[in-house]
Amino acid sequence: QKIAARAKALDVASRYRYHGVYTHPEECRAFMESLDVFVMPSFSEGTPNSIVEAMACGKPIIATDVGGIPDMIGDECGILVPPGDVNALADAMLRLAKDAELRLTMGRAAKERYQQLFSPSVVVPLMLETYRRVTRNGHQVAESSAGNGNLHPWA
């Protein structure tokens with residue numbers, strides 16, 4: 001209600017939609033599929049699930065250069081902007097709005113990076129290996145694989 005009131009006061013209410021909190025994965029996926037670009041300007045983040053979800057849907061990403069976001073999207077999946085820099089954010093949005101080929105290229109790279117780093121086939125073995133290490137009371141386990149025979153970069 002506060003967001004709607006603020007948007008009305010700024011005379012931008014007709015230019016946004018508040019989707020609320022999703023309670024089912026299908027709702028989130030439908031929302032992500034409706035986007036051309038996923039934009040997440042934030043002042044503080046860890047490793048946001050919403051970026052993983054956007055990558056899984058093959059969306060190029062514009063996000064602020066905070067927390068774990070730079071490690072998540074790398075250089076090919078999107079554009080990083082400084083937190084609070086509205087001009088850089090606007091420039092990034094306009095750049096992708098005007099360049100369909102760049103959106104497509106970054107979206108493909110995002111989907112590929114998702115498959116390599118965040119898909120269940122990669123993350124589940126990594127989690128299981130972590131649990132094995134914990135249950136072995138700190139003793140080193142030989143080699144782990146991240147679903148494709150290679151060590152995960154964050155293992």
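Biologist: What makes up the lining of the largest pocket, by class?
Modeller: Bear in mind that this is a predicted model. The lining counts 14 nonpolar, two polar and three charged residues. There are 19 lining residues, and Phe 31, Leu 35, Phe 38, Val 39 and Met 40 are the ones nearest the centre. Phe, Leu, Val and Met are on the nonpolar list, so those five central residues count as nonpolar.

Biologist: Which elements give two or more residues to that lining?
Modeller: Helix H2 (25-33), strand E1 (38-40), helix H3 (49-56) and helix H5 (86-98) do. The volume of the largest pocket comes out at about 590 Å³.

Biologist: Why are H5 and H6 called roughly perpendicular?
Modeller: Their axes cross at roughly 100°, and the label covers 65 to 115 degrees. H5 and H6 therefore count as roughly perpendicular to each other. The axes come within 5 Å, with H6 spanning residues 100-117.

Biologist: Which residues meet there?
Modeller: On the H5 side, Arg 95, Leu 96, Ala 97 and Lys 98; on the H6 side, Ala 100, Leu 102, Arg 103 and Met 106. That contact has five nonpolar and three charged residues, with no polar ones.

Biologist: And why do H6 and H7 get the label roughly parallel?
Modeller: Here the packing angle is about 30°, and the cut-off is under 35 degrees. H6 and H7 are therefore roughly parallel to each other. The axes of H6 and helix H7 (residues 120-135) are 5 Å apart. Tyr 114, Gln 115, Gln 116 and Leu 117 of H6 touch Pro 120, Val 122 and Val 123 of H7. By class, the contact has five nonpolar, two polar and no charged residues.

Biologist: How do you know that E1 and E2 pair?
Modeller: Pairing takes at least two bridges, and E1 and strand E2 (residues 61-64) have three, in the parallel sense. Met 40, for instance, stands opposite Ala 63 in E2.

Biologist: What makes E1 and E3 edge strands?
Modeller: Each pairs on one side only, E3 being residues 78-81. The sheet is open, with three strands in the order E1-E2-E3 and parallel pairing. On average, neighbouring strands are turned by 10° against each other, direction ignored.

Biologist: Where does H5 lie relative to that sheet, and at what angle to E3?
Modeller: H5 lies across E1, E2 and E3, and runs at about 165° to E3.

Terms used:
Residues are numbered from 1 along each chain as its sequence is written. This is a predicted model: local features need pLDDT of at least 70, side-chain atom pairs count only at pLDDT 80 or more; totals for chains, interfaces and linings use all residues. Side-chain values use heavy atoms; hydrogens and water are left out. On a 1 Å grid over the protein atoms alone, a cavity is a set of points where a 1.4 Å probe fits but cannot get out, and a pocket is an open set with protein on both sides within 12 Å along at least five of seven lines; lining residues have an atom within 4 Å of a point. Grid points are joined across faces, edges and corners, and a volume is the space filled by probe spheres set on the points. Helices (H or I, at least four residues) and strands (E, at least two) are DSSP runs, numbered from the N terminus. Axes are lines fitted to C-alpha atoms, for helices over the stretch in contact, and angles run from 0 to 180 degrees between N-to-C directions. Angles under 35 degrees count as roughly parallel, over 145 as roughly antiparallel, 65 to 115 as roughly perpendicular and the rest as oblique. Contact means heavy atoms within 4.5 Å.
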